[in-house]
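Please consult the sequence and the structure shown below while reading.

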Amino acid sequence: MKRWVLGVVCGVGLASAAQGQEAATQLAEAPMETIGRAAFGVPKGYGRLVSVVESSEIHHLYFEDGQGVIRVVLIGPRGAAARARNALQLLSSDVYVIKRGQGGAEVPPGGNE
(Lines give C-alpha, C1' and ligand atoms only; values in the text may rest on other atoms or scores of the structure.)
Protein backbone atom coordinates (compact mmCIF):
# COMPACT_ATOMS: atom_id res chain seq x y z
CA MET A 1 0.00 0.00 0.00
CA LYS A 2 2.88 2.39 0.84
CA ARG A 3 4.44 1.82 -2.59
CA TRP A 4 1.13 2.47 -4.32
CA VAL A 5 0.59 5.77 -2.43
CA LEU A 6 4.20 6.79 -3.04
CA GLY A 7 3.78 6.02 -6.77
CA VAL A 8 0.62 8.14 -7.01
CA VAL A 9 2.26 11.07 -5.19
CA CYS A 10 5.34 10.92 -7.43
CA GLY A 11 3.16 10.63 -10.53
CA VAL A 12 1.08 13.67 -9.60
CA GLY A 13 4.22 15.67 -8.83
CA LEU A 14 5.84 14.70 -12.14
CA ALA A 15 2.67 15.46 -14.12
CA SER A 16 2.33 18.93 -12.56
CA ALA A 17 5.99 19.69 -13.27
CA ALA A 18 5.60 18.62 -16.91
CA GLN A 19 2.49 20.80 -17.34
CA GLY A 20 4.25 23.81 -15.82
CA GLN A 21 7.04 23.81 -18.40
CA GLU A 22 7.23 26.95 -20.50
CA ALA A 23 7.30 26.83 -24.27
CA ALA A 24 10.71 27.13 -25.91
CA THR A 25 11.79 30.71 -26.60
CA GLN A 26 12.63 31.59 -30.19
CA LEU A 27 15.96 33.40 -30.54
CA ALA A 28 16.16 36.46 -32.76
CA GLU A 29 19.37 37.75 -34.31
CA ALA A 30 20.24 41.44 -34.16
CA PRO A 31 23.16 43.06 -35.99
CA MET A 32 25.97 44.55 -33.89
CA GLU A 33 26.05 48.34 -34.05
CA THR A 34 28.66 51.06 -33.85
CA ILE A 35 28.22 54.39 -32.08
CA GLY A 36 26.27 55.89 -34.99
CA ARG A 37 23.91 52.88 -35.04
CA ALA A 38 25.52 51.60 -38.24
CA ALA A 39 25.75 47.82 -38.39
CA PHE A 40 29.17 46.21 -38.74
CA GLY A 41 30.51 42.74 -39.49
CA VAL A 42 33.85 41.09 -38.93
CA PRO A 43 35.73 40.65 -42.25
CA LYS A 44 36.30 37.01 -43.29
CA GLY A 45 40.00 37.81 -43.68
CA TYR A 46 40.31 38.03 -39.88
CA GLY A 47 40.01 34.23 -39.77
CA ARG A 48 38.35 32.20 -37.06
CA LEU A 49 37.38 33.28 -33.56
CA VAL A 50 39.83 31.58 -31.19
CA SER A 51 39.04 33.21 -27.84
CA VAL A 52 36.79 35.66 -26.01
CA VAL A 53 38.00 37.39 -22.84
CA GLU A 54 35.80 39.63 -20.68
CA SER A 55 37.27 42.36 -18.51
CA SER A 56 35.11 45.04 -16.85
CA GLU A 57 32.18 44.48 -19.24
CA ILE A 58 34.49 44.80 -22.27
CA HIS A 59 34.74 41.71 -24.45
CA HIS A 60 38.00 41.12 -26.32
CA LEU A 61 37.38 38.95 -29.40
CA TYR A 62 40.56 37.24 -30.62
CA PHE A 63 40.63 36.20 -34.30
CA GLU A 64 43.45 34.26 -35.96
CA ASP A 65 43.95 34.06 -39.72
CA GLY A 66 45.79 31.42 -41.77
CA GLN A 67 49.18 33.18 -41.39
CA GLY A 68 48.92 33.23 -37.60
CA VAL A 69 48.15 36.94 -37.33
CA ILE A 70 45.94 37.63 -34.32
CA ARG A 71 43.45 40.51 -34.35
CA VAL A 72 41.65 41.80 -31.24
CA VAL A 73 38.23 43.47 -31.61
CA LEU A 74 36.66 45.22 -28.60
CA ILE A 75 32.91 45.12 -27.98
CA GLY A 76 30.85 46.05 -24.95
CA PRO A 77 28.31 48.49 -23.53
CA ARG A 78 28.89 52.20 -24.16
CA GLY A 79 26.91 53.67 -21.26
CA ALA A 80 23.49 53.68 -19.63
CA ALA A 81 21.72 54.91 -22.79
CA ALA A 82 23.51 52.35 -24.92
CA ARG A 83 22.58 49.53 -22.52
CA ALA A 84 18.92 50.45 -22.82
CA ARG A 85 19.09 50.44 -26.62
CA ASN A 86 21.56 47.66 -27.34
CA ALA A 87 23.53 45.50 -24.92
CA LEU A 88 26.73 45.31 -27.02
CA GLN A 89 28.37 47.70 -29.46
CA LEU A 90 31.67 47.94 -31.26
CA LEU A 91 33.72 50.11 -28.90
CA SER A 92 36.45 51.17 -31.30
CA SER A 93 37.06 50.94 -35.02
CA ASP A 94 40.71 50.26 -34.18
CA VAL A 95 41.73 46.60 -34.41
CA TYR A 96 44.81 45.51 -32.51
CA VAL A 97 47.12 43.28 -34.57
CA ILE A 98 49.57 40.78 -33.06
CA LYS A 99 52.08 39.21 -35.45
CA ARG A 100 53.89 36.06 -34.44
CA GLY A 101 57.66 35.88 -34.34
CA GLN A 102 60.24 38.63 -34.16
CA GLY A 103 60.37 41.00 -37.08
CA GLY A 104 57.97 38.84 -39.06
CA ALA A 105 60.27 35.79 -38.87
CA GLU A 106 58.68 32.42 -38.24
CA VAL A 107 59.31 30.91 -34.81
CA PRO A 108 59.34 27.09 -34.67
CA PRO A 109 56.63 25.52 -32.51
CA GLY A 110 59.19 24.02 -30.09
CA GLY A 111 60.19 27.52 -28.92
CA ASN A 112 63.76 27.26 -30.28
CA GLU A 113 64.60 30.57 -31.84
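In which sense do strand 2 and strand 3 pair, and over how many bridges? The pairing of these two strands is antiparallel, with 6 bridges. The model under discussion is a predicted one.

## Strand pairing and hairpins

Strand 2 also pairs with strand 1 (residues 48–55), again in the antiparallel sense, through 7 bridges. Within this pairing, Phe 63 of strand 2 stands opposite Leu 49. The hairpin of strand 1 and strand 2 has 2 residues between the strands, and Ser 56 adopts a positive phi near 55° there.

Between strand 2 and strand 3, the hairpin has 5 residues separating the strands. Gly 68 lies in this turn and has a positive phi of about 90°. Further along this pairing, Leu 61 has Val 73 of strand 3 as its bridge partner.

## The nonpolar core

The largest nonpolar core comprises 6 residues: Tyr 46, Leu 61, Phe 63, Val 73, Ile 75 and Leu 90. Strand 2 (58–64) and strand 3 (70–76) each contribute at least two residues to this core.

Leu 61 illustrates the surroundings of a core residue. Leaving aside residues up to four places away in sequence, Leu 61 touches Leu 49, Ser 51, Val 52, Arg 71, Val 72, Val 73 and Ile 75. Two of these contacts, Val 73 and Ile 75, are themselves members of the core.

## The salt bridge

How many salt bridges does the structure hold? The count is 1, and the partners are Arg 71 and Asp 65, whose closest N and O atoms are 3.2 Å apart. In general, side chains of opposite charge can pair when their charged atoms come close.

Are the two partners buried or exposed? Arg 71 has a relative accessible area of 18% and is therefore buried, the cut-off being under 20%. Asp 65 likewise counts as buried, because its relative accessibility is 13%. Arg 71 is also one of the residues touched by Leu 61.

## A nonpolar surface patch

Trp 4, Val 5, Val 8, Val 9 and Val 12 form a nonpolar surface patch of about 490 Å². Among them, Val 9 belongs to helix 1, which covers residues 2–19. Val 9 has a relative accessible area of 53% and so counts as exposed, since the threshold is over 50%.

Notes
Residues numbered from 1 in each chain as written. Predicted model: local features only at pLDDT ≥ 70, side-chain atom pairs only at ≥ 80, totals over all residues. Heavy atoms only, no water. Core = buried A, V, L, I, M, F, W, Y, C linked by side-chain atoms within 4.5 Å. Buried < 20%, exposed > 50% of the residue type's maximum accessible area, 1.4 Å probe, protein only. Helix = DSSP H or I, 4+ residues; strand = E, 2+ residues; numbered from the N terminus. Contact = heavy atoms within 4.5 Å. Patch = residues over 30% accessible without salt bridge, like charges linked within 9 Å, V, L, I, M, F, W, Y side chains within 5 Å. Areas by Shrake-Rupley, 256 points an atom, 1.4 Å probe, with all protein chains shown as cover. Salt bridge = Lys/Arg side-chain N within 4 Å of Asp/Glu carboxyl O. Pairing = 2+ DSSP bridges.
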